[in-house]
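Me: I have a structure to go through with you. Please take my questions one at a time.

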Amino acid sequence: MWKYANPTFFLALVARVLPWVAGLTVLLLAVGLYMTFFVAPADYQQGDTVRIMYIHVPAAWLSVFCYMTMAASALGTLVWRHPLADAAQKAAAPIGAAFTFICLVTGSLWGKPMWGTWWVWDARLTSVLVLFLIYLGLIALWQTIEEPGRAARAAAILTLIGVVNIPIIKFSVDWWNTLHQPASVFRMGGPTIHPTMLWPLMVMALAFTMLFLTLHLMATRNEILRRRVHRLTMLAAGSGESDVAGARFADQEA
Amino acid sequence: MEHAGFILASFGLTFLVVAGVLASIVIDHRALKRELARLSPVDTRVSPDQPRS
Amino acid sequence: MKSPLAALFLREWRLARRIGGGGAMGVVFFLIMVTITPFAIGPDLNLLGRIGPAILWIAALLATLLGLDRLFQADHEDGSLDLLRMADTPLELVVLVKCLAHWAATGLPLVIAAPVFGLMLALEPPALAGVTASLFVGTPALTFMGAMGAALTATLRRGGLLMSILVLPMTVPVLIFGVSSAAAATDVSLSFTTPFLVLCALTLASAAGAPFAAAAALRNLGE
């Protein structure tokens, strides 16, 4: 297992696997979008607006899935101190924030025609908003600490604090919401969703998961390369050969 | 299709965000590759037979 | 003064009470927040009385967080953090004692000042009691959560702002149950004990968990 966690091996693996994963993502997205618009029926109550669900729900699923990926990587960082875990963790944060953002905005765009307002302080929306804020905090932490290893461990600690805290936040927001009894809010049908809608949703969820995998693999590769660049820069500066590097740079500029 | 604007807006915005993330990753990748190519000769120049500059 | 932890508590307490320690400034900040809110929402006493508990809670939240950014930063700058890290006493206990001392010096004055400021917001006596009780039980949780953020950002120059960004989302449960129990003190239709007990649970849980997270973050600084 450790062989696969070696950064060099990982780069080779990504080079081999990425085209397939990306291809599968495109295929699934194409099928999913086709099903969304041509196979799935319009809802008898909501009409065609229900089609927003096929991106809103997968995005919501990914916002949680991405956090779980980050938490698993955080364990790898803290327990095994593995550089690959650092890279995976750092790469996941902006992608997770992007999908959470998509979830919020599509929810808002779905809510306007259905509920009549852009935003309601509904328990689910509010929890996702807090999750988005936590993502932003993590990204800010990553960007503030310069030394990569130290930044990774700090972010890992914060991620794991979030793992403990997010269920508590979810619970308290639910409690707060029932206390304040919002205006009648449309509720999704839960498990009674019809198969003709369930299938497109499943395909889209799978497509989004593959999309996340593609983006995450690419971003993790970037983080590994960034560390190499960082190390080489330090090496060049440390061994007094920065003049050579500088000359090279000047050469390039000329 | 009723509310077509909202549906179009959500799909379009999702596409834009994903495309933006993808583009930023690709641009970042290219920049890092360039940087590595610039730095690597300095690193491997320990072998004496390699010509300078 | 035999126990090292007692000595640490006294040291922290004295530092916080001293000029520049920030203990008294928290209360002043609290007062300013309470003063400034009516300018934003108008001097209507009925409205103020209704949202008074919320104002007091938000003011206490911000006052606690603003005072916390120096909790470990000052120790890091003058090197005493390294001594604490190398001492025989576990770093987790050190963090716990530092938090308690910090709360006694800055959080407790807020709790004591809350009934006075509540009068300015036209709170009824039951509401005053509810707010004060919920602040008394809830502000330690804020200190503990803030300590985690303070430990993560101790070496950073822009630490204070980043700390607030990291910690504020995490304090949502404390705010919800704190304001709820304060509001329940006046409204008989709501249960006071449920949110109050949850608030107690949050404080105890953060007291149990935060020292470990903060100590892990502090060890990370030294590597």
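Me: How many residues of chain C are in contact with chain A?
Reply: This is a predicted model, in which local features need pLDDT of at least 70, side-chain atom pairs count only at pLDDT 80 or more, and totals for chains, interfaces and linings use all residues. Residues are numbered from 1 along each chain as its sequence is written, and chains are lettered from A and ligands numbered from 1 in the order in which they are written. Two residues are in contact if their C-beta atoms, placed from the backbone, lie within 7 Å. Chain A contributes 22 residues, and the number from chain C is 20.

Me: Which helices of chain C each supply at least two residues of the side that touches chain A?
Reply: Helices are DSSP runs (H or I, at least four residues), numbered from the N terminus, and strands are E runs of at least two. On this side of chain C, 15 residues are nonpolar, three polar and two charged. Here Ala, Val, Leu, Ile, Met, Phe, Trp, Tyr, Cys and Pro count as nonpolar, Asp, Glu, Lys and Arg as charged, and the others, Gly among them, as polar. The helices are helix 7, helix 8 (159–167), helix 9 (172–184) and helix 10.

Me: How many residues of chain B are in contact with chain A?
Reply: On chain A, 37 residues take part. The chain B side divides into 15 nonpolar, five polar and five charged residues. The number from chain B is 25.

Me: How many helices does chain A have?
Reply: Chain A has zero strands. Its pattern along the sequence is α-α-α-α-α-α-α-α. The helix count is eight.

Me: Are helix 7 and helix 10 of chain C roughly parallel or roughly perpendicular?
Reply: Helix 7 (residues 125–152) and helix 10 (residues 193–222) of chain C pack at about 20°, with axes 8 Å apart. Axes are lines fitted to C-alpha atoms, for helices over the stretch in contact, and angles run from 0 to 180 degrees between N-to-C directions. Angles under 35 degrees count as roughly parallel, over 145 as roughly antiparallel, 65 to 115 as roughly perpendicular and the rest as oblique. So helix 7 of chain C is, relative to helix 10 of chain C, roughly parallel.

Me: What is the handedness of the crossing of helix 6 and helix 10 of chain C?
Reply: Helix 6 and helix 10 of chain C pack at about 115°, their axes 8 Å apart. A crossing is left-handed if the near helix is turned anticlockwise from the far one by less than a right angle, and right-handed if clockwise. Helix 6 of chain C passes helix 10 of chain C in a crossing that is right-handed.

Me: Is Arg81(A) buried or exposed?
Reply: Arg81(A) lies in the loop between helix 3 (53–80) and helix 4 of chain A. A residue is buried if 20 or more other C-beta atoms lie within 10 Å of its own, exposed if 12 or fewer, and partly exposed in between, with C-beta atoms placed from the backbone. Arg81(A) has 12 other C-beta atoms within 10 Å, so Arg81(A) is exposed.
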